Amino acid sequence: MKRTLAILLALGLSVSSLTGCGSDEKETKKEKDGKTVINFWCHENKPWIEAYEETIKRFEKEHPEYDVKLSNYPFDVYNQKIQTALTSGKGEVDIIAVWGGTAPNFIETDALAEVPEDIVKELESDYLDPTLGVFQKEGKYYGVPMEFNLEYGGMIVNKKLFEEAGLSYPQTWEELRETSKKVAKKNGEVMEMTGFDMIDADALICNYLSMILQQGGQYLEEDHSINFATPEGVKAMEEIVSMVKDGETSLESLTSGEYAFNRTYQDKGFMASVGSWGIGEGTGSYDLTYGEDFEYIPVPLYGDEVAFASETGWGIMVPENSQHKDAAWEFIEFFSQPENLVKHNIACNQLPPRKSLLDNEEYREAMPNITFLLDIMEKGQWMGPYNTSAMREIFNEMFISLCQEENPDIEKALKEVSEKITAECQLGYETK
Amino acid sequence: MKDKKFVSMVLVPSFALLFLFVVFPLFYGLGISFFDYNPARDSNPFLGLDNYMKMFQDPIFKKAVVNTLVFGIIAVFLNIVITLFLAQLISVLPSKKWKTIFRTILFIPCIAPMVGTALVWKSGIIETDGGLLNRLMGVFGMAPKNWTMTTGALLAIIIAYTLWADIGYNVVLFSAGLEGVPKEFDEAAAIDGAGPICRFLKIRVPLMGRTFAFVAVMTMANYFQMFAQFRVIAPKGGVDYSAMVLTNYIYRQSFTNYDMGYASAIAMALFVIVFAVALIQNRMMRLDWSYE
């Protein structure tokens, strides 16, 4: 009896340990109450999730035959989740929202469905160039942009700190540096108060590239290779390194993986460069009041002309193994319609990717604080055919080394990093 | 015969699972390491030994190997010394109640998830602005430091965290080992005039060979594969990759660079290192598994 029990127990435990390997097809791909279930994945971000839910509500009202299920995952594990879903044969997801910096990893596989022709026509006629960048592969499109990503151009300013110090917001680059030096305070390696901060993983490279372009320089060669070691590139890097060496800011945000604007919201910094999405963090995560506690204003130009580089931002894709591709594209078409997209962009503090929305009254009325960005968006160039996540890692490592050396050879470092990025980060596919 | 049947019936499922989840992935990983592999692609080109050639020329891989070895050797050595010392201290406590209390206190960090405790260390202890370490330095009049920007110190902090998080497990094992040493040897030495330190070092420790062997091999194998604390405290490997270890580098290649083939080649290298270290330890600690 005992022996039989032991054998049964061993078998039972073995079987139970395999139960996790089964599929849950009923939940994921079949129909519910006669409706087609569309599974939509996004990353964890409260205002964005609420905005998706609003669009889904409107879509379901117009298309009662569909039931869109939204699932969100922490950003840290989100890309792995997508990778696993694309690999599996189960087709557990029909729509995925993907960050342009990581999208190339998925686009260079054959795991995504091609964007249908009617949406392609819209993309080619009405979307700004940088928003399409990485989504194009050998003449085809594999993603539909939902925003214009601009990490350069605006900065969060701590209004209270400025008022207490009796200072006005800087209007020129010289005033910016002067104010920054005046207010910054350091104790050992700890910044007690930062002046102007753009040293974080997102803002650093975007500001640097813009500083090159604003001097009339260029970092992208005709063969698409990168060259930062130009006179404009060296000058811009010397300027940024001096911000750290002069004690206006530190490497703290860059090394800890935090955004620089957090310090501004925590009353530990006067100014921090960030995309307009950073406003939502202030009002949402920090519960601050726009106009009272902080404001979002233009970063003064470093050079003479308005110029900047923008990478492809968030977009929506359909996996090739989706069980409901047609339904998924129907949802994306609805989502991308200007009247729906503008609501989503407003709710998420995003910049619109469509040219026709740059003068949209609803957007300008709802977002008066960032209209100055709408006016410069058409002057932006695409950052280039590069995996910008990988590019950032290499670039930021170089920057940290430069800041630690007593007399850094900036030109040599820029030359080396240009070669490394060109060799290691170029997209594995032709973008046009 | 009947016994053999029973034993096989009970063991077959376990071996099947072991094969499915340990042996098969090992060989599958070995296979992948010869390809430019991304599971989402339709075709994955065969590269032969290219991934291995790339690995031997990769300066980050070399640093990761050195850091893994340094971390493994120092952390295991300190772990064994400290846990043995603590186990001995606990064993001389007069009451069983106190022994249990101390073992429980030391064991608590072992049952807490490493990711959570590593996050607490990161934001509460080593944080530049307001972290405990910098506050302590302030008490002694020293300027605060950005610990994530240090090289040797960051690895030392990770070693300290690992010891804190994992020490309780080996304390329990050594306590059991100490209690398993027959009392007669200890008493005989005491009668011959040996003091407590002498008895501990010359009687108890040598007689705990089998516990030593088990603890050393298991801890070494475990520490070479430590990942969570490195991922949390030094996700990008620290300044100049001074805290990059092989597990974190495998993760980076797999899930940041999506280069599963290269990641598998590095995983094979880690397997070879752990296997070699375990073999060496086994040879060095060849024992007579009895007290006769």
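Modeller: Quick ground rule: two strands pair if DSSP finds at least two bridges between them. Strands (E, at least two residues) and helices (H or I, at least four) are DSSP runs, numbered from the N terminus. This is a predicted model, so to speak of local features we need pLDDT of at least 70, side-chain atom pairs count only at pLDDT 80 or more, and totals for chains, interfaces and linings use all residues. Residues are numbered from 1 along each chain as its sequence is written, with chains lettered from A and ligands numbered from 1 in the order in which they are written.

Biologist: OK. Which way do β10(A) and strand β11 of chain A run, and how many bridges join them?

Modeller: They run parallel, joined by three bridges; β11(A) covers residues 269-273. Across from Asp197(A) you'll find Ala272(A) of β11(A).

Biologist: And in what sense do β9(A) and β10(A) pair?

Modeller: Antiparallel, over three bridges, with β9(A) being residues 185-187. Lys185(A) has Met193(A) in β10(A) as its bridge partner. The two strands make a hairpin with two residues between them, and Gly188(A) in the turn has a positive phi of about 60°.

Biologist: How many residues of β10 of chain A are buried?

Modeller: Six of the eight in residues 190-197, so the strand is largely enclosed by the rest of the structure. Buried means 20 or more other C-beta atoms within 10 Å of the residue's own; exposed is 12 or fewer, partly exposed is in between, and C-beta atoms are placed from the backbone.

Biologist: Switching topic: is Val306(A) buried, exposed or partly exposed?

Modeller: Partly exposed, because 16 other C-beta atoms lie within 10 Å. Val306(A) sits in the loop between β12 (294-298) and β13 (308-310) of chain A.

Biologist: What does Val306(A) touch?

Modeller: Leaving out residues up to four places away in sequence, Val306(A) touches Leu301(A), Ile376(A) and Lys379(A). Contact here means C-beta atoms, placed from the backbone, within 7 Å.

Biologist: Now chain B. How many residues of chain B are in contact with chain A?

Modeller: 26 residues of chain B, facing 28 of chain A. Helix α1 of chain B (residues 2-32) gives the largest share of chain B's side, seven residues.

Biologist: What about α13 of chain B: how far apart are its end C-alpha atoms?

Modeller: 36 Å, which agrees with the 36 Å that its 25 residues (260-284) should span at 1.5 Å a residue. The expected span is 1.5 Å times one less than the number of residues. Buried residues in α13(B) include Met260(B), Tyr262(B) and Val277(B).

Definitions and conventions:
Contact = placed C-beta atoms within 7 Å.
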